[in-house]
There are 2 protein chains.
Amino acid sequence: MIGIFDSGVGGMTVARAIEQALPQYRLVYFGDLARTPYGSKSGETIARYSRENVEFLLGQGAKIIVVACNSAASVAADRLRTAYPVPIFEVIAPAVAEAIKASGGGRIGVIGTRATVKSGVYEAKIRAAADHCRVFSVACPLLVPLVEEGWLARRETKMIVRRYLAPLKEKQVDTLVLGCTHYPLLKDLIQPRIGRRVRVIDSSQALAADLRTFLDENPALAAELSRGGENLYYASDVTEAATMIALRIFGRPIELRHTG
Amino acid sequence: MIGIFDSGVGGMTVARAIEQALPQYRLVYFGDLARTPYGSKSGETIARYSRENVEFLLGQGAKIIVVACNSAASVAADRLRTAYPVPIFEVIAPAVAEAIKASGGGRIGVIGTRATVKSGVYEAKIRAAADHCRVFSVACPLLVPLVEEGWLARRETKMIVRRYLAPLKEKQVDTLVLGCTHYPLLKDLIQPRIGRRVRVIDSSQALAADLRTFLDENPALAAELSRGGENLYYASDVTEAATMIALRIFGRPIELRHTG
């Protein structure tokens, strides 16, 4: 199976894109709702949780891992690649590639959790691939709780989005990376506040396309993946709020299976 | 030692009150920052974490446990009392007693996390002790992240507080229980928005007073408690944001020791 993990339910935006791009394969998702959120925790703690999540997914039969959490990808992707002999995909590389392609003026904004922004990974990867680009990052720690409350169109959310985006607007970014898998749910609020002409990048489609290309090029591995059967959504805790966000992301009810 | 635990740093408002009321005793605090927050998780998960936290504190030599987290107290206090043969204090009973004493008209509002409000524990305990009282509860899940961001006086925080309090204002409560240890940090915002004549109850002083009375009445146990030596503050994760809130609560730097 294709194994996907996230700190909670935000990574389901990635799972959904993969499900749409690669409907023939079976997915197993793990959301660490018992320890969510990751984005305000230390890199060391996030790395430990990420290893545990990968081991859970390998135990479920995953042959490919997708890190559908920017905070985990920021601090742990390289360590996971060293530790586990399976292909590891994550949300940052495709976002970086797309942002560079989209940016005409080389002024790229990145919004994410505190852990993601502190890691400096977007800046490092963008500059390594395109050193003419300038990268401006802002941590937006309140956006995850606002999304999790379902406050997607409230006045307070709009004000908070505007406040977070103000320094990026001032820097006149031409491209904005949504560096957290919750943020696509706020895209309709973010786009008008950063400016209609700014390209807003959500990496889930690009990640799914990369994964499809990889499987086309690796038929032996692709042949090992399960086909048919329903996709499995596991969570280390199950709450009503999480079930509601899953419904919103997929547009259909998702059965969250408790791992506990 | 007197052992205190919380999901994170909010419980330090309780630790500080105990430190001031009982300066002769040594405290050991544990904040579960690696798994914070508890208030949006299931009762089952919160109860499991609470047991683990008590075991950590007993291992550090605690002879008394203080549950300085309303979410944990709501779902786990009774189970902890059954499971461990030590006195267990918590933040709800003193808040209930004080609210009943303060309420002239018997109209009591309670604000707390989703877990606390869902448990119905404030309502049950207030009505059991004073069945003429009416209790109106509102879950305020965004207040903890706002406090943790240090957004204590921002316009957005004021708007969100006003929105959460609106149904309680409409019910004309005469007393308001701050049913989460983070909320005392927002008291200056809450008081004018709920109304100057409404009594706002923060249980930490009352809890510390109860603990002092208990130790006066149990000199054998009191004699077993450590005196002198610095108080110990442990956390399962250590972040800059947590260190900043600790500084704000105590008015002095607090060394957070990683339990990792």
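Trainee: What makes E9(B) and E10(B) a pair?
Mentor: Bridges do. Two strands pair if DSSP finds at least two bridges between them. Strand E9 (residues 232–235) of chain B and E10(B) have 3 bridges, in the parallel sense. So they count as paired, given that at least two are needed. One bridge joins B:Tyr233 to B:Leu256 of E10(B). Strands here are DSSP E runs of at least two residues; helices are H or I runs of at least four, and both are numbered from the N terminus. The model is predicted: local features need pLDDT of at least 70, side-chain atom pairs count only at pLDDT 80 or more, and totals for chains, interfaces and linings use all residues. Residues are numbered from 1 along each chain as its sequence is written, while chains are lettered from A and ligands numbered from 1 in the order in which they are written.

Trainee: Why are E4 and E10 of chain B called edge strands?
Mentor: Strand E4 (88–90) and strand E10 (256–258) of chain B each pair on one side only. They belong to an open sheet of 6 strands with parallel pairing, in the order E4-E3-E1-E2-E9-E10. Neighbouring strands are turned by 25° against each other on average, direction ignored.

Trainee: Which strands does helix H1 of chain B touch?
Mentor: Helix H1 (residues 12–21) touches strand E1 (2–6), strand E2 (27–31) and strand E3 (64–67) of chain B. Contact means C-beta atoms, placed from the backbone, within 7 Å. The direction of H1 makes about 175° with that of E2(B). Helix H2 (residues 43–59) of chain B also lies across E1, E2 and E3, at about 150° to E2(B).

Trainee: What makes the relation of chains A and B that of a two-fold axis?
Mentor: A rotation of 180° with 0.0 Å of shift along its axis superposes chain B on chain A, at RMSD 0.0 Å. That is why the relation is a two-fold axis. In chain B, the C-alpha nearest the axis belongs to B:Arg35, 2.3 Å away.

Trainee: How do you know that the same surface serves both copies?
Mentor: 100% of the contact residues of chain B recur in chain A. On each side the count is 17: 17 residues of chain B contact 17 of chain A. Helix H8 (residues 155–170) gives the largest share of the chain B side, 3 residues.

Terms used
Two residues are in contact if their C-beta atoms, placed from the backbone, lie within 7 Å. Copies are superposed by least squares on the C-alpha atoms of residues with pLDDT of at least 70 in both. Axes are lines fitted to C-alpha atoms, for helices over the stretch in contact, and angles run from 0 to 180 degrees between N-to-C directions.
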